[in-house]
Amino acid sequence: MDLMRAKRKDEERKERKRSRKKKIITRTVCIAGSILLVGGATFGTMKYIKTSGVMERSRVSVTSEHYELNNAEMAYFYVQMEDSFLSSGATYLGYMGVNPTLSLREQEYNGETWFNVLMDSVEKNVTQMLVLLEKAKAEGMTLTAEEQAKVDQEADAIDLSHYGEGIKREDVRRAIEMTRLAAKYSEKIQGECVTTEDQWIKHYEENEKDYLYWQQASCTFSYAKNSSGEAAMTEAEAKKYRDELSACKDEESFNKWIRQYFKDAGKTDEEIDKQLASLVAEGSLAASGEERFAWAESAKIGDTFVVEGTDAYTVYQLRSLPARKESQTVDVRHILMQTENYENKEAAKAEAERIYALWQVKPTEDYFAELANQYSEDPGSNTLGGLYESVQSGEMVDTFDAWCFDEKRKSGDHGIVETSYGYHIMYFSGEGLPQWQVDIKAELENDAYLAVYNKLAEEYTVTIDEKLISKVCPDR
């Protein structure tokens, strides 16, 4: 080493100059290289953050004293709400101006994006959920091992790709677990808000007119001008039609006049039949307005009544006298195998048949309820023995409804029914309450429930970070 230094001693200054120049060049190259390395690392890190859900889980957007929801969990609740909305059917969505193939962030309703409209509903739901969870925690309520197993089963059946990048099984599971515990406490409140038949009758006697309904046919003649300044008819023509139709004092003459009116307007017989059907409706007497209310109390079937509006006349004909709803409801149990949870329809059907055969070994209603709690995939009834009480005609999907309201149906009947949801093992418990009692019972018990919940909402505060909420499901 000393020899080398001696040989280079007289060249030291020159070497230093070259060295300084080399170091400058080398340092520049190293810096450029580090930029490339950092840039590559940043891209990889950002991709990891997006696909791992780290960012979603770090954004805690809803909080209460002991609970919090991050954006990964909120994504589950939002997608559930969006799915429910988009499953309303093409007719309803079209009426609301919604194109299901486009992002709801790009479509508006009353000046708000549909995303915000649905998220507002989600916020209300999760607020109620956290309030109930706080009270459940205060009372030491938890899910049983069996209930936890159902949560696991439901979470495992979820298609995570439907909820966006980064949403993990643990996010969905926690969201479902909180939902189930809140529902359990909600059921506890409901159980404390039960009313009696004496209370229903007393309420009815004190508020009879609120529960009277009538059937009426109506036709409106408008002489309002459109945006082009044109009107479908003159005011004189509208008055003429009003007077002619209001002179019809029975259903036959009323329908005959309407049929001729639309025929003169160029409608086909099929179109006229549909129009006639659409003109008949059932309405609440209390919601009919004071004038029609007073008229209907003393009117006879076939009598007509005219309401004058802005640039229009509407002629009403009474088709049935005001009366309370006496139609009978039914109580039914079911065990649902949802098709979406199986490889195919045949697999869902096979599972339904297996459980049906299992029940037939001990064919009692109590055992059916036990199996429903164990196997049913309907979250609305699988903690209640599969029971739906006071089901109204037309309330359920077509084939389910048809089975329930078959005129030959009797207590103890059973079978398997296929619907758009999957396969239902059915058990007919029997007839329920008449509709007017169902309505009053629901109203009184709902009022009692809200009184309890509103007190809880005052006791437990839920905070929502709207800025973070707006970042939920950014790709939808």
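A salt bridge is a side-chain nitrogen of Lys or Arg within 4 Å of a carboxyl oxygen of Asp or Glu. The exercises below apply this to a predicted model.

**Exercise 1.** Determine how far apart the closest N and O atoms of Asp 406 and Arg 409 are, and how Asp 406 is classed by accessibility.

*Solution.* The closest N and O atoms of this pair are 4.0 Å apart, and Asp 406 and Arg 409 form a salt bridge.

**Exercise 2.** Find the salt-bridge partner of Arg 319, then locate both residues in the chain and compare their accessibility.

*Solution.* The partner is Glu 251, whose side chain meets that of Arg 319 with an N to O distance of 3.7 Å. The pair links distant parts of the chain, since Arg 319 lies in the loop between strand 8 (312–318) and strand 9 (328–338), while Glu 251 belongs to helix 11 (residues 251–264), 68 residues apart. Arg 319 counts as buried because its relative accessibility is 11%, whereas Glu 251, at 45%, counts as partly exposed.

**Exercise 3.** Work out which residues of helix 9 are buried, why they line one face, and what they pack against.

*Solution.* In helix 9 (residues 197–206), the buried residues are Trp 200, His 203 and Tyr 204. Seen down the helix axis, the buried residues fall within an arc of 100°, and therefore line one face of helix 9. An α-helix has 3.6 residues a turn, so residues three or four places apart point the same way. The buried residues of helix 9 pack against strand 12 (422–434) and helix 17 (435–459), while on the other side of helix 9 Asp 198, Glu 205 and Glu 206 are exposed.

**Exercise 4.** Check the span of helix 6 against its number of residues, and describe the glycine that follows.

*Solution.* Helix 6 (residues 114–138) has 25 residues, which at 1.5 Å a residue should span 36 Å, and its end C-alpha atoms are 36 Å apart, in agreement. Helix 6 is followed by Gly 140, whose phi is positive, near 75°.

Methods
Residues numbered from 1 in each chain as written. Predicted model: local features only at pLDDT ≥ 70, side-chain atom pairs only at ≥ 80, totals over all residues. Heavy atoms only, no water. Helix = DSSP H or I, 4+ residues; strand = E, 2+ residues; numbered from the N terminus. Buried < 20%, exposed > 50% of the residue type's maximum accessible area, 1.4 Å probe, protein only. Arc of directions from axis to C-beta. Contact = heavy atoms within 4.5 Å. Expected span 1.5 Å × (residues − 1).
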